[in-house]
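Trainee: Could we go through this model together? I would like to begin with the cross-links and then turn to the helices.
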Amino acid sequence: MQKTLLALAVFLGACKPDPLASQRELCKELRSRNELRKGLSIDECAKELKQRADLNDPTRKAQELVDRVVRLVQQGRGKPKSEELRDTIEALQQVGRPAVAPALSEMQTSIDPDLRLALARVLVSTCAEDCATGRYDCIVPALLEGTTDDKPADVRRESEKGLMRCTGEQLGDDPAAWRRWWTDKQRQASHTR
């Protein structure tokens with residue numbers, strides 16, 4: 001029985017794709033040209049290359065920054081916003097479009113109003129140019145987030161003004177009307193696909 005389980009484990013391990021396969025090939029090529037750093041094994045080289053690639057992947061960086069914003073907002077309950085949170089939000093904004101998917105996903109699933117508002121601000125700054133193209137899938141959910149009753153009055157007003165400027169719709173200060181408009185717009189878009 002143990003031999004069967006061991007054989008099955010070896011077989012299943014062999015069926016998994018090697019996440020470092022392409023890096024290993026590059027490292028082997030470097031070794032064949034005598035360009036691999038002396039004393040560095042193929043596996044160590046592959047791991048270093050993978051780490052560098054991961055650091056330069058904007059999608060991965062965006063997810064890590066969203067996760068950090070979540071952690072910092074949760075840690076900062078009842079305290080003034082930290083410099084680290086402000087810097088993390090700025091870094092997330094600088095990532096640009098790759099930040100949209102993880103920030104939008106977290107904003108729409110979180111129950112924390114402070115976190116949702118922080119991420120909505122990131123999305124508004126990242127997606128502002130979408131207003132000119134009529135591409136609302138990022139900017140409108142972010143602005144709608146600012147219209148909820150748990151937001152301060154000034155945030156609600158600015159969000160509603162932003163919605164009017166961006167969409168050209170004149171629904172005023174009625175969050176329910178804006179949400180109905182957005183639901184109808186999404187429904188129309190899904191029928192045209």
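Trainee: Which residue does Cys27 pair with in a disulfide?
Mentor: Cys27 is joined to Cys45, with an S to S distance of 2.0 Å. Please bear in mind that this is a predicted model.

Trainee: What is the handedness of that link between Cys27 and Cys45?
Mentor: The link is left-handed, with -85° about the S-S bond.

Trainee: Are Cys27 and Cys45 buried or exposed?
Mentor: Cys27 counts as buried because its relative accessibility is 0%. Cys45 is buried as well, with a relative accessible area of 4%.

Trainee: How many disulfides does the structure hold?
Mentor: It holds three. Counting bonded cysteines along the chain, they follow the pattern 1-2, 3-5, 4-6.

Trainee: What does Cys127 pair with?
Mentor: Cys127 is bonded to Cys138, with 1.8 Å from S to S. The torsion about that S-S bond is about 70°, so the disulfide is right-handed. Cys127 sits in helix H7 and Cys138 in the loop between H8 and H9, eleven residues apart, and the pair thus links distant parts of the chain. Both Cys127 and Cys138 are buried.

Trainee: And where does Cys131 connect?
Mentor: Cys131 is joined to Cys166, at an S to S distance of 2.1 Å. This link is left-handed, with -105° about the S-S bond. Cys131 lies in helix H8 and Cys166 in helix H10, so the pair ties together parts that are 35 residues apart in sequence.

Trainee: How do Cys131 and Cys166 stand for accessibility?
Mentor: Cys131 is partly exposed, because its relative accessible area is 24%, whereas Cys166 counts as buried at 8% relative accessibility.

Trainee: Let us change topic to H7. What is its span?
Mentor: Helix H7 covers residues 113-127, which is 15 residues. From its first C-alpha to its last it reaches 20 Å, close to the 21 Å expected at 1.5 Å a residue. At its start, a side-chain oxygen of Asp112 comes to within 2.8 Å of the backbone nitrogen of Asp114.

Trainee: Which helices do the buried residues of H7 pack against?
Mentor: They pack against H4 (58-75), H5 (83-95), H6 (100-109), H8 (130-133), H9 (139-145) and H10 (153-167). The buried residues of H7 include Leu115, Arg116, Leu119, Val122, Thr126 and Cys127.

Trainee: Why does Thr126 count as buried?
Mentor: Its relative accessibility is 9%, and buried means under 20%. A polar atom of the Thr126 side chain lies 2.8 Å from the backbone oxygen of Val122. Leaving aside neighbours within four places in sequence, Thr126 is in contact with Gln93, Gly96, Arg97 and Val100.

Conventions
Residues are numbered from 1 along each chain as its sequence is written. This is a predicted model: local features need pLDDT of at least 70, side-chain atom pairs count only at pLDDT 80 or more; totals for chains, interfaces and linings use all residues. Side-chain values use heavy atoms; hydrogens and water are left out. Helices (H or I, at least four residues) and strands (E, at least two) are DSSP runs, numbered from the N terminus. The expected span of a helix is 1.5 Å times one less than its number of residues. Buried means under 20% relative accessible area, exposed over 50%, partly exposed in between (1.4 Å probe, protein chains only). Contact means heavy atoms within 4.5 Å. A polar contact is a pair of N or O atoms within 3.5 Å; within protein, one must be able to donate a hydrogen and the other to accept it, and residues adjacent in sequence count only if both atoms are side-chain atoms. A disulfide is a pair of cysteine sulfur atoms within 2.5 Å.
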